[in-house]
Amino acid sequence: MATPSGIDVDPARTPARDLRDLVLDTLGREICAGIIAVGMTFTTESIESRFHVSRPVVREALRALEALGLIEAKRRVGVRVMPATRWNAYDLQVIRWRLAGPSRVAQLRSLTELRGAIEPAAARLAAIRVPLNEAGELVGLAGRLWAAGKQGDAAEFLRLDLQFHQMILRLSGNEMFEQLHHLVEEVLRGRAQYNLMPKYPATEALQWHVDIATAIQTGNAEKASQSMVAITERALTEMSTIWDRDGNAPIGEER
């Protein structure tokens, strides 16, 4: 059987868990892309028929979508697609489904704006709380990041940049900030994946990473916060050229 995603799957030989994931991923992507529109209803039977899978497999996939807020199932009504305001916007699956579709720019904008609110505060706290040995590790990481940026090694730069920002969230000493590292990771990976990063990062951006690490090492909370603000504001400015080009479409309604 050729699935809607173009992958050949034999339901009789494919584990139920894999079939469930296939149905979940396909429907999730289509809902987030607007292919299955908000307010549209469908039945369990229609999904069984479409994917040639069993009812238990469909029910598991629909339960997962309902837990994410994408759908709502009601007796005698069927399964209704819910508006984006009901979705779990912090869930990685939802974020990745949106990044894979026409809401990509809106999703990157939301992540970048969230990053601008979180990371300066995390850098400030890290400067106040960080142990000296870990501050030294952060400074070394910033140095390697600088070198990768200057060499135009995009893959190594991304790897080190992810480590750098994750480490700052951890060094903040705030467990809630630390658990948001995957959101920062998604926006950094998203910009790289969709060619929204220059091959050679701007020198001032590289310097701001060094400034943050040095400020954290020396306990300069204000400098750490200001330098992180500079990084996040530059990222927002760079991204704004994309959504301005796309007609300033409101979140979730790109053109």
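I am working from a predicted model, in which local features need pLDDT of at least 70, side-chain atom pairs count only at pLDDT 80 or more, and totals for chains, interfaces and linings use all residues. Residues are numbered from 1 along each chain as its sequence is written, and side-chain values use heavy atoms, with hydrogens and water left out.

**Helix 4 against helix 1.** I looked up how helix 1 (residues 16–33) packs on helix 4 (residues 92–99): the angle is about 60° and the axes are 8 Å apart. Helices here are DSSP runs of H or I with at least four residues, strands are runs of E with at least two, and both are numbered from the N terminus. Axes are lines fitted to C-alpha atoms, for helices over the stretch in contact, and angles run from 0 to 180 degrees between N-to-C directions. Helix 1 and helix 4 are therefore oblique to each other. For the wording, angles under 35 degrees count as roughly parallel, over 145 as roughly antiparallel, 65 to 115 as roughly perpendicular and the rest as oblique. I noted the crossing of helix 1 and helix 4 as right-handed; that term applies if the near helix is turned clockwise from the far one by less than a right angle, and left-handed applies if anticlockwise. Helix 1 makes the contact through L24, D25, G28, R29 and C32, and helix 4 through Q93, V94, W97 and R98, where contact means heavy atoms within 4.5 Å. I sorted this contact of helix 1 with helix 4 into 4 nonpolar, 2 polar and 3 charged residues. Ala, Val, Leu, Ile, Met, Phe, Trp, Tyr, Cys and Pro count as nonpolar, Asp, Glu, Lys and Arg as charged, and the others, Gly among them, as polar.

**Helix 4 against helix 5.** I next checked helix 5 (residues 104–129), whose axis comes within 7 Å of that of helix 4, crossing at roughly 135°. That angle makes helix 4 oblique to helix 5. From helix 4, V94, I95, R98 and L99 meet R104, A106, Q107, L108 and L111 of helix 5. The contact of helix 4 with helix 5 has 6 nonpolar, 1 polar and 2 charged residues.

**Helix 4 against helix 9.** Here I read an angle of about 10° between helix 4 and helix 9, with the axes 11 Å apart. That makes helix 4 roughly parallel to helix 9. The crossing of helix 4 and helix 9 is right-handed. L92, I95, R96 and L99 of helix 4 meet H182, L183 and E186 of helix 9.

**Cavities.** How many cavities of 30 Å³ or more does the structure hold? I found 3. On a 1 Å grid over the protein atoms alone, a cavity is a set of points where a 1.4 Å probe fits but cannot get out, and lining residues have an atom within 4 Å of a point. Grid points are joined across faces, edges and corners, and a volume is the space filled by probe spheres set on the points.

The largest cavity has a volume of about 200 Å³. It has 17 lining residues, and the closest to its centre are R191, M197, A205, H209 and E238. Helix 11 gives the most to this lining, with 4 residues.

The second largest cavity holds about 60 Å³. I listed its lining as L162, H165, Q166, L169, H181, V184, E185 and L188. Helix 7 and helix 9 are the elements that give two or more residues to it.

**Loop residues.** H52 is not a glycine, yet has a positive phi of about 60°. I placed H52 in the loop between helix 2 (44–51) and helix 3 (55–67). R76 also has a positive phi, near 70°, and lies in the loop between strand 2 (71–74) and strand 3 (78–81).

How values were computed: 1 Å grid on protein atoms, 1.4 Å probe; cavity = no way out; pocket = protein on both sides within 12 Å on 5 of 7 lines; lining within 4 Å.
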